[in-house]
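Work through the following exercises with the sequence and the coordinates open. Each task is followed by a solution in steps.

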Amino acid sequence: MDIQKLRLSQVDSAVKQASVPSRPSIGWIQTIRTALGMTTRQLAARIGVTQSTLAELEKSEAADKITLHSLRRAADAMDCDLQYVLVPRSSLKKRVENQAEAIARQRVSRVFHTMQLEDQAPTQKVDKKEISRMQTSLLATNWKHLWE
């Protein structure tokens, strides 16, 4: 479990330090190529494809349909590194905590619903306390079960 928390913390930290710009709407190949003052014919020759194939590569990147292999070939031809990264929208720690809370809320609501039917409904304060207790319990175990 400690390794799981350490890994999560390391990834969160690395992502915070990374400054990853959004892909331009026309794609990186065309953006970098034009910034270098390179024509489609010139880049196509460096990659070893036809000019029309390069045009298709640029279109496919802009449409999110390019393969990593093709993108890497284009990057190499322009003396660029391809850096492939998934950037979480929020911290991974927060994502795990939210997922555990959602499961806890779901489980507690089922039990409390049954209690309401039996006219034994607990207060909202007890409800929140039970959700928090269950969330803590879920976070103390292996997190694989959180995603089922």
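**Exercise 1**

In which helix does Arg33 lie? State also whether Arg33 is buried or exposed, and list its contacts.

Solution. The model is a predicted one, in which local features need pLDDT of at least 70 and side-chain atom pairs count only at pLDDT 80 or more, while totals for chains, interfaces and linings use all residues. Residues are numbered from 1 along each chain as its sequence is written, and side-chain values use heavy atoms, with hydrogens and water left out.

Step 1. Arg33 lies in helix α2. Helices are DSSP runs of H or I with at least four residues, strands are runs of E with at least two, and both are numbered from the N terminus.

Step 2. The relative accessible area of Arg33 is 8%. Buried means under 20%, exposed over 50% and partly exposed in between, with a 1.4 Å probe and protein chains only. Arg33 is therefore buried.

Step 3. A contact means heavy atoms within 4.5 Å. With neighbours within four places in sequence left aside, Arg33 is in contact with Trp28, Met38, Thr39, Thr40, Leu43, Leu54, Glu58 and Met78.

**Exercise 2**

Describe the elements and the surface of the protein chain.

Solution. Step 1. The protein chain holds seven helices and zero strands. Read from the N terminus, the order is α-α-α-α-α-α-α.

Step 2. Of its 148 residues, 25% count as buried. The accessible surface of the chain is about 10,900 Å², and carbon and sulfur atoms hold 52% of that area. Accessible areas come from the Shrake-Rupley method with a 1.4 Å probe; for residues, only the protein chains shown count as cover.

Step 3. Among contacts with a separation of 6 or more, 68% join residues 24 or more positions apart.

**Exercise 3**

At what angle do α2 and α4 pack, and which residues meet?

Solution. Two packed helices are described by the angle between their axes and the distance between the axes.

Step 1. The axes are lines fitted to C-alpha atoms, for helices over the stretch in contact, and the angles run from 0 to 180 degrees between N-to-C directions. Helix α2 (residues 28-36) packs on helix α4 (residues 51-62) at about 125°, and the axes are 7 Å apart.

Step 2. The α2 helix is therefore oblique to α4. Angles under 35 degrees count as roughly parallel, over 145 as roughly antiparallel, 65 to 115 as roughly perpendicular and the rest as oblique.

Step 3. From α2 come Trp28, Ile29, Gln30 and Arg33, and they meet Leu54, Leu57, Glu58 and Glu61 of α4. This contact has four nonpolar residues, one polar and three charged. Here Ala, Val, Leu, Ile, Met, Phe, Trp, Tyr, Cys and Pro count as nonpolar, Asp, Glu, Lys and Arg as charged, and the others, Gly among them, as polar.

**Exercise 4**

Which residues of α3 are buried, and what covers them?

Solution. Step 1. The buried residues in α3 are Thr40, Leu43, Ala44 and Ile47. Their arc around the axis is only 105°, so they sit on the same side of α3. The arc is that of the directions from the helix axis to the C-beta atoms. Arg41, Ala45 and Arg46 are exposed on the other side of α3.

Step 2. The cover of the buried residues includes α2, α4 and α5 (68-77).

Step 3. Helix α3 (residues 40-47) and α4 have axes that come within 8 Å and cross at roughly 95°. This makes α3 roughly perpendicular to α4. In this contact, Thr40, Arg41, Leu43, Ala44 and Ile47 of α3 meet Gln51, Leu54 and Glu58 of α4.

Step 4. The axes of α3 and α5 cross at roughly 105° and come within 9 Å. Again the result is roughly perpendicular, here for α3 to α5. Leu43, Arg46 and Ile47 of α3 and Arg73, Ala74 and Ala77 of α5 make the contact.

Step 5. Just after α3, Gly48 has a positive phi of about 95°.

**Exercise 5**

Which residues of α5 are buried, and against which helices do they pack?

Solution. Step 1. Ser70, Leu71, Ala74, Ala75 and Ala77 are buried in α5. They span an arc of only 165° around the axis, which places them on the same side of α5.

Step 2. The buried residues of α5 pack against α2, α3 and α4. The face turned away from that buried side carries the exposed residues His69 and Asp76.
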